[in-house]
Amino acid sequence: MSPTPAPALTSVPAVPDVTISLAETLGRGALAIASYAALGVILLIVGFYVIDLVIPGKLSRLIKEERNPNATLLTGSGLAAVGLIVAASIWSSGGALHEGLLATFVFGLVGIAVQTVAMVAFDKVAGISVRELVTESELQPGARLLAVTHLAIGLITAVAVI
């Protein structure tokens, strides 16, 4: 009996060169940017309404009609803090777009909640009444202190997200 010849070596088919066009890359990137930006704006709106619940009075009336500098400063610092938290949430989300958006949404909401609780707690500990501040027509030192504190709390919360 003659030996069976060894099978001939065949070349393994090459993996097809998958290239993504520049247009596809830009399209995906633009979609991600638009999605994260839209979610960020939604979270800022949620943050505004949460701040509106915490600060006595209707914020839009206090700011737009009464032009109250204390309410404006406290709202602005609160929204800046929320912006820091949302930016950190986007930064840390990673993964596929839908997973990143979900993580940003959850981290953003948790961050807003933590920011709000910390803001109210610090206001109580510091003994500065936000209720009294927003009735004043002149910018008060207490509003400046609380505004900086709100930003610091937002930064701390943002770093905790990362």
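Student: Which helices each supply at least two residues of the nonpolar patch?

Tutor: A patch of this kind joins nonpolar side chains that have over 30% relative accessible area. In this predicted model, α1 (22-54) and α4 each supply at least two of its residues. The patch covers about 700 Å² and is made by Ile42, Val46, Leu102, Phe105, Val106, Phe107, Leu109, Val110 and Val114. Seven residues, the largest share, come from α4.

Student: Where is Phe107, and how exposed is Phe107?

Tutor: Phe107 sits in helix α4. Its relative accessible area is 34%, so Phe107 is partly exposed.

Student: How many helices and strands does the chain have?

Tutor: The chain has six helices and zero strands. Read from the N terminus, the order is α-α-α-α-α-α. Of contacts between residues at least 6 apart in sequence, 74% join residues at least 24 apart.

Student: Which residues form the largest nonpolar core?

Tutor: A nonpolar core is a set of buried nonpolar residues joined through side-chain atoms. The largest one in this chain has 12 residues, including Ile51, Ile55, Leu59, Leu62, Leu74, Ile128 and Leu146. At least two core residues come from each of α2, α3, α5 (130-133) and α6 (141-161). Apart from this core lies another, of five residues, among them Leu39, Leu43, Val82 and Ile112.

Student: What does Val134 touch, leaving out residues up to four places away in sequence?

Tutor: Val134, a member of the largest core, touches Ile55, Pro56, Leu62, Asn68 and Ala71.

Student: What span should α6 have, and how far apart are its end C-alpha atoms?

Tutor: The expected span of a helix is 1.5 Å times one less than its number of residues. For the 21 residues of α6 that gives 30 Å, and the end C-alpha atoms are 30 Å apart, so the two values agree.

Student: Which elements do the buried residues of α6 pack against?

Tutor: They pack against α3, α4 (97-126) and α5. The buried residues of α6 include Gly142, Ala143, Leu146, His150, Ile153, Gly154 and Val161.

Student: How many salt bridges does a search of the whole structure find?

Tutor: A salt bridge needs a side-chain nitrogen of Lys or Arg within 4 Å of a carboxyl oxygen of Asp or Glu. The search finds three. One of them joins Arg28 and Glu24, at 2.7 Å from N to O. These two are four residues apart in helix α1, so about one helical turn separates them.

Student: Where does Arg67 lie, and is Arg67 buried or exposed?

Tutor: Arg67 lies in the loop between α2 (59-65) and α3 (69-93). Arg67 is exposed, with a relative accessible area of 67%. Its phi is positive, about 55°, although Arg67 is not a glycine.

Definitions and conventions
Residues are numbered from 1 along each chain as its sequence is written. This is a predicted model: local features need pLDDT of at least 70, side-chain atom pairs count only at pLDDT 80 or more; totals for chains, interfaces and linings use all residues. Side-chain values use heavy atoms; hydrogens and water are left out. Contact means heavy atoms within 4.5 Å. Buried means under 20% relative accessible area, exposed over 50%, partly exposed in between (1.4 Å probe, protein chains only). A nonpolar core is a set of buried Ala, Val, Leu, Ile, Met, Phe, Trp, Tyr and Cys residues joined through side-chain atoms within 4.5 Å. Patches are made of residues with over 30% relative accessible area and no salt bridge: like charges are joined within 9 Å, nonpolar side chains (Val, Leu, Ile, Met, Phe, Trp, Tyr) within 5 Å. Accessible areas come from the Shrake-Rupley method with a 1.4 Å probe; for residues, only the protein chains shown count as cover.
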